Amino acid sequence: MEQLMADLKRQIIEALNLKHLTPAEIGDDQPLFGEGLGLDSIDALELIVLLQQQYKVKIDNPQDGPKIFRSVRTIAEFITAHKPA
Amino acid sequence: MAFITATASIRGKTLTRNGTIQYQDASLVLPEFLLQAYAALKSDYPKFYKMDPLSKLGFLAAEVLLADRPLAAYPPEAVSLVLSNAHASLDTDTQYLAASRTVPSPALFVYTLPNIVAGELCIRHGLKGENAFFVTPAFDAAQVASYVDLVLAQPGAQGCVAGWVDVMGEHHDVFLYLAENSHRGLARAHTAEQLNTLYTGLWNN
């Protein structure tokens, strides 16, 4: 889980062009949207693309998005639970 | 009678304000130049990193053009934005087309319109007046001057950020100016002749 979260932080910075941040500046449980990293709806779409490309994981129910993308840890938990064998 | 009160340009990887160099490094490729120029200006606006080259160019030029906050005393609705270029958003359209061969990027897609740069500048500087974006083969001083004069003749209008923001690959050509109904700053008459002199003067430097 720790390695997956570290990978995710690097991939999020790259995919979302967060070049003002380093992986160490993103907390495992820090909110990604709103008051946290301040990501927006376009970033959410990029995260969906990232999960599909890097981990072959799809979000079937869009209503689950806010819960899955709450933090790096929740994304890692979702990937772990849904990644193809 | 309107006046040209300030100018900004980016050409040959040189960023200027009223003809004075603010940042320059011709050794860099354009994407790296844009990042280094942003760092040099010490602006705190993380959204910059997400912008396409067209919006980054417009952002940097507007940062130096409006560095002294000349619009602070005007109501947001009193300041307009009139931009033009030759390549529309083709630079980003091309990148998006290439990216679409795998998984299309939503972040790239949102920049596949030329007037997105206008929106970015309106958000950054709180401009709520009319905004327009024209695509013409080359900088058309007569058309720009005529349109900006019309905008500034509207009741309540006080200022207009206008000019040319063009990019295609490494080619980049930016000339922004601030037109106001007040006689201040550079205080040059807002005429097509003056605009042509200022714009073509960049090529001669």
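Mentor: A term to begin with: a crossing is left-handed if the near helix is turned anticlockwise from the far one by less than a right angle, and right-handed if clockwise. Helices (H or I, at least four residues) are DSSP runs numbered from the N terminus. This is a predicted model, in which local features need pLDDT of at least 70 and side-chain atom pairs count only at pLDDT 80 or more, while totals for chains, interfaces and linings use all residues. Residues are numbered from 1 along each chain as its sequence is written, and chains are lettered from A and ligands numbered from 1 in the order in which they are written.
Trainee: In which hand does helix 1 of chain B pass helix 2 of chain B?
Mentor: That crossing is left-handed.
Trainee: Which residues meet there, in helix 1 and helix 2 of chain B?
Mentor: L30(B), P31(B), L34(B), A37(B), Y38(B) and L41(B) of helix 1 meet P53(B), K56(B), L60(B) and E63(B) of helix 2; contact requires C-beta atoms, placed from the backbone, within 7 Å. By class, this contact has eight nonpolar, no polar and two charged residues. Ala, Val, Leu, Ile, Met, Phe, Trp, Tyr, Cys and Pro count as nonpolar, Asp, Glu, Lys and Arg as charged, and the others, Gly among them, as polar.
Trainee: And in which hand does helix 2 of chain B pass helix 5 of chain B?
Mentor: Helix 2 of chain B passes helix 5 of chain B in a right-handed crossing. Among the residues meeting there are G58(B) in helix 2 and L121(B) in helix 5.
Trainee: New topic: how many residues of chain B are in contact with chain A?
Mentor: Eight residues of chain B contact 10 residues of chain A. On the chain B side, six are nonpolar, one is polar and one is charged.

Notes
Helices (H or I, at least four residues) and strands (E, at least two) are DSSP runs, numbered from the N terminus. Two residues are in contact if their C-beta atoms, placed from the backbone, lie within 7 Å.
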